[in-house]
Amino acid sequence: MKKMRNLKLRFSLTVMLLALSATAVAETKTAPAAAKPSHGEYKDWRLLSVSHRTEKETLRAILGNDTAIEAARKDQTKPWPDGTVLAKVVWKERAHPNWPQAIVPGEFAGAEAMIKDSKKYAATGGWGFAHWDGSKLVMHEEAKVKECFACHMPMKDNDYVYTFSALQ
Ligand code: HEC
């Protein structure tokens with residue numbers, strides 16, 4: 001009788017352990033997928049420059065669509081032509097795990113856009129300000145646009161753009 005009870009106990013313990021390890025496996029499997037960001041069309045665009053914002057501890061890639069890259073290579077960016085889209089893709093900085101002196105992209109921190117249409121966005125220097133929500137490009141609302149434009153104002157003589165192409 002006692003042996004029987006022991007067996008039962010052992011059996012239920014094994015079942016519990018199995019169930020626990022199954023949830024652990026399921027969690028480790030889903031965690032990276034949930035953290036993986038989806039990116040917008042800028043994934044296929046070419047590089048204009050990179051920047052490291054020390055005060056924000058972030059790394060950025062500044063990319064351009066075809067219109068932007070062609071204009072930059074011809075040095076025709078004052079003003080940038082209509083149809084230009086500039087993307088600023090931001091990651092938190094982190095030390096490379098195998099080479100701590102190398103600062104590399106860590107967690108994805110979002111992607112902003114500037115879209116040139118001199119008529120449509122005449123009130124803000126011809127630039128529309130937007131951001132990517134996953135793979136979708138979403139225009140910012142008016143209050144936010146004012147903030148964006150105000151901080152880009154010091155670059156008026158460079159068509160409100162901070163970036164100087166590093167790959168002409
Ligand atoms: C507090 C100042 C500030 C504000 C506010 C700001 N920016 Fe910028 N932005 C910068 C600076 C400085 C750079 C260049 C360095 C860098 O890469 O961050 C830049 C670069 C960019 C670039 C790359 C092209 C360029 O001008 O070099 C884009 C695109 C951009 N910002 C979009 C936006 C959008 C959209 C907003 C509003 C949601 C915004 N910015 C608000 C300061 C600002």
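This is a predicted model: local features need pLDDT of at least 70, side-chain atom pairs count only at pLDDT 80 or more; totals for chains, interfaces and linings use all residues.

**Strands and sheet**

Within the pair I looked up Thr-58, and its bridge partner in E3 is Lys-92. A reminder to myself: strands of a sheet pair through backbone hydrogen bonds, either parallel or antiparallel.

Next I wanted the whole sheet. In what order do the 6 strands come? I read E1-E2-E3-E4-E5-E6, an open sheet with antiparallel pairing. Its edge strands are E1 and E6 (136-139), and each of them pairs on one side only. From one strand to the next, the twist averages 35 degrees.

**The protein overall**

I stepped back to count elements and got 3 helices and 6 strands. Read from the N terminus, they go α-β-β-α-β-β-β-β-α. I also checked burial: 20% of the 168 residues count as buried. Then I looked at contacts with a separation of 6 or more, and 44% of them involve residues 24 or more positions apart.

**The core**

Which residues have the most contacts inside the largest nonpolar core? I noted Leu-63, Ala-68, Leu-86, Ala-87 and Ala-113, in a core of 23 residues. At least two core residues come from each of E2, helix H2 (66-73), E3, E4 and E5.

Setting aside neighbours within four places in sequence, I found Ala-113 in contact with Val-85, Leu-86, Ala-87, Ala-130, His-131, Trp-132 and Leu-137. Leu-86 and Ala-87 from that list are also among the core residues with the most contacts.

**Around the ligand**

Last, I went to the ligand. There are 20 residues around it, and Ser-51, Cys-148, Cys-151, Tyr-162 and Thr-163 come nearest. The elements giving two or more residues to this shell are strands E1 (46-53), E2 (58-64), E3 (85-96), E4 (99-116) and E5 (127-133), plus helix H3 (142-152).

Which element gives the most to the shell? My answer is H3, with 5 residues. I sorted the shell by residue type too: 9 are nonpolar, 5 polar and 6 charged.

Methods. Residues are numbered from 1 along each chain as its sequence is written. A residue is near a molecule or strand if its C-beta atom, placed from the backbone, lies within 6 Å of it. Helices (H or I, at least four residues) and strands (E, at least two) are DSSP runs, numbered from the N terminus. Ala, Val, Leu, Ile, Met, Phe, Trp, Tyr, Cys and Pro count as nonpolar, Asp, Glu, Lys and Arg as charged, and the others, Gly among them, as polar. A nonpolar core is a set of buried Ala, Val, Leu, Ile, Met, Phe, Trp, Tyr and Cys residues joined through C-beta atoms within 7 Å. A residue is buried if 20 or more other C-beta atoms lie within 10 Å of its own, exposed if 12 or fewer, and partly exposed in between; C-beta atoms are placed from the backbone. Two residues are in contact if their C-beta atoms, placed from the backbone, lie within 7 Å. Two strands pair if DSSP finds at least two bridges between them. Axes are lines fitted to C-alpha atoms, for helices over the stretch in contact, and angles run from 0 to 180 degrees between N-to-C directions.
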